[in-house]
Amino acid sequence: MISQKLFARFYGHPGSSPYDGTQIFFRMIRHHARAEARVLNLGAGPATNNPVCVIKGEVAKVIGADIDPVVLTNDELDDAAVIHNDRLPFDDESFDLVFSDFVLEHVERPTFFLAEIYRVLKPGC
């Protein structure tokens, strides 16, 4: 069993830990996303209501995709699409950057999921 001290170090209350994973994750996204980038938020779901997670307006376009139609109501995106049959509804080489936040643990077919990401990424990304 994980010790309380270790748990608090890595998973302390939001904003209380120097290892706030959300802040670190989105800092990395911002570091790699150019202003002219088309970005896919894969598994975007509903709006997060967390300014740390919103990159709309910082890049050319943020498109969200999710298996849940609630993504269509997410105002933190420039555009949204619903995923059917695990296939991403985008052309090959459509995006400069793809990210998923709190999604991978739900993916039933990770090899296919990653192949779809590879398909929609532009070469060299």
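Biologist: What is the volume of the largest pocket?

Modeller: The largest pocket has a volume of about 450 Å³, a volume being the space filled by probe spheres set on grid points joined across faces, edges and corners. A pocket is an open set of points on a 1 Å grid over the protein atoms alone, where a 1.4 Å probe fits, with protein on both sides within 12 Å along at least five of seven lines; lining residues have an atom within 4 Å of a point. This is a predicted model, in which local features need pLDDT of at least 70 and side-chain atom pairs count only at pLDDT 80 or more, while totals for chains, interfaces and linings use all residues. Residues are numbered from 1 along each chain as its sequence is written, and side-chain values use heavy atoms, with hydrogens and water left out.

Biologist: Which residues lie nearest the centre of the largest pocket?

Modeller: Of its 17 lining residues, Ile 67, Val 103, His 106, Val 107 and Phe 113 lie nearest the centre.

Biologist: Why does Asn 41 count as buried?

Modeller: Buried means under 20% relative accessible area, exposed over 50% and partly exposed in between (1.4 Å probe, protein chains only). Asn 41 has 13% relative accessibility and therefore counts as buried.

Biologist: Why is Arg 30 called partly exposed?

Modeller: Its relative accessibility is 29%, so Arg 30 counts as partly exposed.

Biologist: What joins the side chains of Arg 30 and Glu 58?

Modeller: A polar contact of 2.8 Å joins them. The term requires a pair of N or O atoms within 3.5 Å, within protein one able to donate a hydrogen and the other to accept it; residues adjacent in sequence count only if both atoms are side-chain atoms.
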